[in-house]
Amino acid sequence: MSLWNRAQQLPPDALRQVQNVYGEQFPIEVRHYLAGWIEDKMPQWNEIDPENVSHSQYAHTLVSQLIQEMENKALSYGNNEDLFLVRMRLDEAATSFKTRYLNNNPLALVGIIRECLKTELHLVQQHENMLGAVVQPASMTIEPCAEIVSELDILLRRTRETADELRHLEQEQESFALQYHDCAKINAHLSHIQGQERTQQNRELEQSLRRRKDVGEQQLAQKVSGLLQRRMDLAEKHKGTIDRLNNLQQRILDEELINWKREQQMAGNGKPFNQNKLDQIQDWCEALAEIIWLNRFQIKECERHQTKIPITPPGGVDMLPTLNSHITRLLSSLVTSTFIIEKQPPQVMKTNTRFTATVRLLVGGKLNVNMTPPQVRVSIISEAQANALLKNDQMNKGEQSGEILNNTGTMEYHQTNRQLSVSFRNMQLRKIKRAEKKGTESVMDEKFSLLFQSQFSVGGGELVFQVWTLSLPVVVIVHGNQEPHAWATVSWDNAFAEQGRIPFTVPEKVPWPQIADMLDSKFKSATGRGLTDDNLKFLAGKAFRLDRSPQIQDFNNMYLSWSQFCKEPLSERNFTFWEWFFAVMKVTREHLRQPWNDGSIMGFVGRRQAEEMLKNSKSGTFLLRFSDSELGGVTIAWMYEDTTKAGDQRDVFMLQPFTSKAFAIRPLADVIADLKYLLFLYPNIPKEQAFGKYYTPMGEQQPTTNNGYVKPHLITHVPGWSGAGSMDSYPNTPQPMYPIHDTGMGDPPSVSSNPSDCVSTITYDNDYPDILENLPDADFPDINLDFLQTNFMKPQ
């Protein structure tokens with residue numbers, strides 16, 4: 001909705017205030033009937049400074065356009081008798097604007113209109129704020145992207161105006177040269193006559209030539225004065241354009257592009273990332289490059305014209321060399337800053353493993369860099385080398401910290417998307433040179449970076465640029481068991497790196513809310529669902545080693561150190577907080593994603609809390625929690641009531657944790673289906689409703705394998721537990737190996753869920769030794785095949 005439409009909806013008192021803003025100087029009828037045109041020109045009204053006399057010509061043009069619009073509007077109402085008075089009012093206002101402002105002081109009218117619009121906007125916003133309005137006027141409060149586009153339009157228009165003035169300057173200079181040549185001819189003729197005999201005819205001719213000489217010299221003096229003034233005016237305009245270019249370029253490069261890079265880094269921790277934003281930034285940078293290049297050309301042309309006619313004002317300073325230097329620095333900064341890594345290499349990099357990366361030059365197409373396609377070279381450097389590079393802006397030749405295969409590529413211009421880029425698809429880190437470690441440092445704490453370097457020229461070789469850019473920090477590993485700690489280093493760096501830091505320093509401790517945000521982002525990215533406030537509170541208690549101190553309710557003002565995060569083992573454990581969290585995230589991503597997204601897995605709940613939650617539930621109620629003692633373990637806690645015995649026989653049991661190895665043999669949902677005494681998911685959801693959709697249909701279980709053997713069908717079974725109130729009915733099943741409850745234990749009892757305690761019901765054509773050959777120890781290391789063969793395998 002336009003500003004004027006919103007103003008008309010104000011209550012009577014506020015509307016009267018708006019009406020009082022307008023008067024004879026700027027009639028409200030003009031505001032009403034030309035509202036759309038006036039608001040469309042909002043950037044132009046705001047651009048002109050009423051106090052700057054150099055803006056007079058621009059103001060004159062804008063006021064002239066306004067008067068033309070008013071006359072056209074009045075003319076369109078000519079045949080409508082109902083609008084006769086409106087037509088008369090618009091004609092009167094147009095005449096008034098012509099006589100009072102157009103040729104005398106157009107800046108004054110611009111100032112009046114600006115002040116009216118500003119006051120009108122203030123009154124409208126004041127009223128809407130009282131009503132809690134959140135919608136801002138698109139024509140006045142412009143979105144950042146629209147502001148950039150508007151400023152680019154202004155700069156392009158200024159560039160066209162200075163191009164026109166440069167043509168006028170050139171014409172004026174040519175006219176001066178012709179006039180000067182004529183004066184020189186007159187002087188030569190006069191000198192010749194003065195050397196001749198003093199006849200009457202020669203004296204008359206001499207007088208005529210002297211008059212022509214005086215007139216010509218007077219005209220030349222005027223032309224010199226006009227030429228000098230035009231040169232100075234043009235230089236001032238170029239200076240204003242360069243100042244605006246500098247401000248806009250800083251905004252695009254130091255805000256928009258830096259924010260994109262920060263979002264790219266946070267995407268490494270799972271934060272949402274709009275990759276397409278880079279295309280918009282490229283559009284802005286290309287527009288900047290074009291405007292800078294045109295203005296640089298104009299300044300060089302001014303220098304050329306000045307060389308042809310080297311006249312300078314007395315005591316004047318030649319601004320052109322300074323302007324040329326400034327505009328060239330802007331171009332250099334734009335080119336070097338827009339050499340960016342579009343697709344980062346992996347931040348945890350394993351040696352001898354293929355990886356990819358993509359580099360892009362945002363202004364390459366606009367500056368025709370692709371006419372001589374540049375080469376890009378990749379090397380890996382240490383933290384110290386990266387620090388030295390930023391200080392000196394160059395690397396010692398051949399200095400690097402490793403060997404990368406397939407580390408060179410040629411940038412190519414893609415016509416369809418106007419991108420100049422190169423994709424490295426088959427790089428491989430062969431060797432790495434590490435620094436000496438101090439104290440408790442490990443190789444997983446050490447950060448490297450990939451350095452991308454190139455060189456190219458623009459303007460037919462006039463300007464040569466050497467560009468480079470660094471990747472996000474990389475941790476190099478040689479074995480998969482180093483991956484968790486490496487990801488801790490990377491995640492901490494991604495989340496808490498500060499802009500403009502010394503590579504690659506990070507804070508030693510961080511407020512818990514920032515840690516919580518990082519953990520939530522990573523978990524959501526990995527599993528599809530983020531963490532609740534209760535989940536984060538549980539994690540805070542574990543990270544601060546206060547999980548047994550329920551009186552701590554608020555962790556927001558507490559700081560977690562890097563050592564607490566991933567160096568120091570948890571209480572009574574041989575693993576760190578991060579190792580525990582990483583293992584939980586991994587098992588959820590690989591095996592529990594769907595039930596986690598459904599909310600069927602509570603997960604982040606302690607053993608004692610689970611017991612408290614279940615003790616008042618009906619028998620057969622269960623929940624799933626992540627084990628405190630087993631990395632990546634998931635345990636089932638359930639309430640069991642033995643109705644065959646007198647007295648209180650209710651107790652909470654914990655099944656020995658399942659891990660990824662177990663889930664690779666039998667999925668969680670099938671395990672729950674196997675355990676018949678599990679009836680309700682906490683608090684009271686039938687397990688078929690929660691997990692039935694994830695059961696493996698029997699039809700999908702192939703009876704035979706490709707090599708002709710019969711494929712076994714494993715069923716999870718806890719000895720002594722086949723259902724509520726009954727013992728198992730499998731043949732040759734041993735008696736319960738675990739007591740129902742040990743009153744001497746503070747924690748609820750645990751029941752083994754090791755696959756070696758499972759029953760395998762098998763149908764086969766050959767003797768079972770052949771079947772066992774199809775279950776090698778290498779595939780299922782936790783299954784005791786001798787135990788299965790002796791106790792649980794009989795033909796059906």
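Reply: Contact here means heavy atoms within 4.5 Å. Leaving aside neighbours within four places in sequence, Ser617 is in contact with Met639, Arg650 and Tyr682. This is a predicted model, where local features need pLDDT of at least 70 and side-chain atom pairs count only at pLDDT 80 or more, while totals for chains, interfaces and linings use all residues. Residues are numbered from 1 along each chain as its sequence is written, and side-chain values use heavy atoms, leaving out hydrogens and water.

Me: Why is Ser617 called buried?

Reply: Buried means under 20% relative accessible area (exposed is over 50%, partly exposed in between, with a 1.4 Å probe and protein chains only). Ser617 comes in at 11%, so it counts as buried.

Me: What makes the pair of Phe26 and Phe97 tilted?

Reply: Rings of Phe, Tyr and Trp (its six-membered ring) pair if their centres lie within 6.5 Å; planes under 30 degrees apart are stacked, over 60 edge-to-face, the rest tilted. A search of the whole structure gives 33 aromatic pairs. For Phe26 and Phe97 the centres are 6.5 Å apart and the planes at 35 degrees, so tilted it is. Both Phe26 and Phe97 are buried.

Me: And why is the pair of Phe658 and Phe663 called stacked?

Reply: Their planes are at 20 degrees and their centres 6.0 Å apart, so that pair is stacked. Phe658 and Phe663 are buried too.

Me: How do you know that Lys618 lies over the face of Phe680?

Reply: The rule wants NZ of Lys or CZ of Arg within 6 Å of the ring centre and within 35 degrees of the ring normal. Lys618 lies over the face of Phe680, at 4.0 Å from the ring centre.
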